[in-house]
Amino acid sequence: MRQDHLITATQLSRDDIETVLDRARAVAEDPTAYADRHAGRVLALCFFEPSTRTRMSFDSAAKRLGMDTIGMGDVDSSSVSKGESLSDTVRVIEGYADAMVLRHPSEGAATLAGERVDVPVVNAGDGAGQHPSQTLLDLHTIREDHGLDDLSIGIMGDLKYGRTVHSLAAALTNFDVNQHFVSPESLRLPRSVRFDLHETGAQIREHEELEPVLDELDVLYVTRIQKERFPDENEYHRVAGEYRIDADTLADAPDDLTVMHPLPRVDEIAPDVDETDHARYFEQAHNGVPVRMALLDTLLENAGSAENAEETEADR
Amino acid sequence: MSEHELRVSKIRDGTVIDHVEGGQALNVLAILGIDGSEGHGVSVGMNVPSDRLGRKDIVKVEDRELSQSEVDVLSLIAPEATINIVRDFEVVEKNRVTRPDSVSGVLSCPNRNCITNADEPIETQFDVVADGVRCDYCATILRADIAAHIDV
Ligand SMILES: [Zn+2]
């Protein structure tokens with residue numbers, strides 16, 4: 001990865017992904033080797049909407065690299081609610097930290113932040129947009145089970161607003177993967193995501209039911225259908241019920257099918273799936289730490305080499 | 001000049017924007033920021049029969065030539081348009097519009113949750129893609145209704 005921000009998964013090449021995932025594997029094998037790697041550096045955790053897990057995962061990753069972390073506290077009591085622009089906020093925080101992680105309710109917020117500051121910015125979710133660091137840990141989980149080529153991956157649930165889906169679909173175009181999208185008509189992939197997939201010539205198919213494709217899948221990636229997307233609660237229950245899986249659903253699935261979920265789940269994966277050999281979602285969540293360590297390490301290294309390049313030019 | 005075009009009066013100096021898709025003439029004026037208060041003579045022909053387009057609109061603006069950025073945006077809603085510069089009743093230059101790679105600060109993003117609609121000090125930026133434009137910030141693609149999002 002030459003760039004020092006991670007804003008969308010569409011920016012990631014196969015090389016970028018493999019660089020981070022190789023490093024994540026090394027980190028997982030020998031975490032102590034990375035323990036003091038970024039001692040003295042500070043990571044700002046800028047969460048403009050609540051997300052305990054993603055925030056803790058980055059916090060843990062940074063601390064395991066020897067970094068300190070700073071946060072914004074409760075968004076309600078911060079200057080954000082006093083009407084300060086995001087542009088100003090990130091420029092101020094740039095002076096406090098060596099890198100920043102940004103979670104924001106508006107699509108494009110991370111792109112804006114990346115334009116405003118020179119320290120590395122990681123998009124940890126921008127509205128219904130993208131969530132590329134989640135994608136890296138998803139890919140790591142898939143790679144450890146199956147490798148990343150010659151696969152059929154089913155992605156099911158809320159594909160319209162699911163930022164983890166948008167990022168994962170984009171990243172998978174770097175590999176030899178058939179992507180099957182399973183959702184109700186009203187929650188199909190947005191036009192912009194389909195546009196990118198078609199541009200890359202990706203193999204994609206869209207379905208309203210899981211059953212006909214289940215037996216050809218290597219991975220089933222389930223996402224939550226959010227109640228607040230439906231004006232009518234009955235309609236929500238009807239739709240959500242159809243995209244729920246349990247151990248029975250998976251009875252005829254291939255033995256080595258991996259079931260994933262970005263978590264938190266509500267009831268789209270029944271607890272009896274946890275006991276099957278398919279369940280990989282907790283492992284997937286745990287992979288967040290080594291993958292985010294590898295990501296931060298890579299971005300800080302890139303940022304460092306960019307600084308050095310500037311110095312060399314100035315010295316001449 | 002053909003009989004059809006004579007329905008719109010001739011101008012001495014200025015710009016004739018021809019081969020505008022039928023119904024887009026008022027949007028062309030909106031892009032150019034012309035509402036009549038500037039004092040330029042403006043003639044608009046709408047739904048004039050055209051060999052090439054079936055029906056077309058024509059806009060003639062006296063004493064005004066167009067900047068490149070105006071032509072760029074024009075190309076998004078009138079990709080077939082020809083721009084004729086008239087001096088002393090003669091067409092001295094005739095140009096087809098070409099689609100730019102991107103447009104800045106002219107369109108508003110239709111995605112209400114886009115950061116460009118959130119009171120930030122930021123200019124919208126759209127990439128021109130195959131059959132529309134795409135927000136650089138939230139990736140939303142705008143196709144048929146570009147004219148409705150012109151922000152001038
Ligand atoms: Zn936008």
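Helix α1(A) passes α5(A) in a right-handed crossing. Handedness is right-handed if the near helix is turned clockwise from the far one by less than a right angle, and left-handed if anticlockwise. The model is predicted; local features need pLDDT of at least 70, side-chain atom pairs count only at pLDDT 80 or more, and totals for chains, interfaces and linings use all residues. Residues are numbered from 1 along each chain as its sequence is written, chains are lettered from A and ligands numbered from 1 in the order in which they are written, and side-chain values use heavy atoms, with hydrogens and water left out.

Two packed helices are described by the angle between their axes and the distance between the axes. Helix α1 of chain A spans residues 14–29, and its axis comes within 10 Å of that of α5(A), crossing at roughly 70 degrees. Axes are lines fitted to C-alpha atoms, for helices over the stretch in contact, and angles run from 0 to 180 degrees between N-to-C directions. Helices (H or I, at least four residues) and strands (E, at least two) are DSSP runs, numbered from the N terminus. α1(A) and α5(A) are therefore roughly perpendicular to each other. The classes are roughly parallel (under 35 degrees), roughly antiparallel (over 145), roughly perpendicular (65 to 115) and oblique (the rest).

From α1(A), the residues A:I17, A:E18, A:V20, A:L21, A:D22, A:A24 and A:R25 meet A:L136, A:L139, A:H140, A:R143 and A:E144 of α5(A). Contact means heavy atoms within 4.5 Å. The α1(A) contact with α5(A) has 6 nonpolar, 1 polar and 5 charged residues. Here Ala, Val, Leu, Ile, Met, Phe, Trp, Tyr, Cys and Pro count as nonpolar, Asp, Glu, Lys and Arg as charged, and the others, Gly among them, as polar.

One of these contact residues, A:E18, also forms a salt bridge with A:R14 through their side chains (3.2 Å, N to O). A salt bridge is a side-chain nitrogen of Lys or Arg within 4 Å of a carboxyl oxygen of Asp or Glu. A:R14 and A:E18 both lie in α1 of chain A, 4 residues apart, about one turn of the helix. Over all chains, the count comes to 25 salt bridges.

Helix α5 (residues 132–146) of chain A also packs against α6 (residues 163–172) of chain A, at an angle of about 60 degrees with axes 8 Å apart. That makes α5(A) oblique to α6(A). The crossing of α5(A) past α6(A) is right-handed. In α5(A), A:P132, A:Q134, A:T135, A:D138 and A:L139 meet A:T164, A:S167, A:L168, A:A171 and A:L172 in α6(A). These residues divide into 5 nonpolar, 4 polar and 1 charged.

A further pair in chain A is α3 (residues 86–94) with α4 (residues 109–116); the axes come within 9 Å and cross at roughly 50 degrees. α3(A) and α4(A) are therefore oblique to each other. Their crossing is right-handed. α3(A) contributes A:L86, A:S87, A:V90, A:R91 and A:E94, and α4(A) contributes A:A109, A:L112, A:A113 and A:R116. By class, this contact has 5 nonpolar, 1 polar and 3 charged residues.

Between chains, 18 residues of chain A are in contact with 16 residues of chain B. The buried area is about 1,400 Å², of which carbon and sulfur atoms give 49%. Buried area is the accessible area (1.4 Å probe) that two parts lose on being put together, summed over both. In chain A, A:E107, A:R191 and A:F195 lose the most area to chain B, together 41% of what that side buries. The rule finds 1 salt bridge across this interface. The side chains of A:D196 and B:R134 meet in a salt bridge (3.0 Å, N to O).

A cis peptide bond joins A:L263 and A:P264, with omega about 0 degrees. A:P264 is found in the loop between β9 (258–260) and α10 (281–286) of chain A. A:L263 is found in the loop between β9 and α10 of chain A. A:L263 has a positive phi of about 60 degrees, although it is not a glycine.
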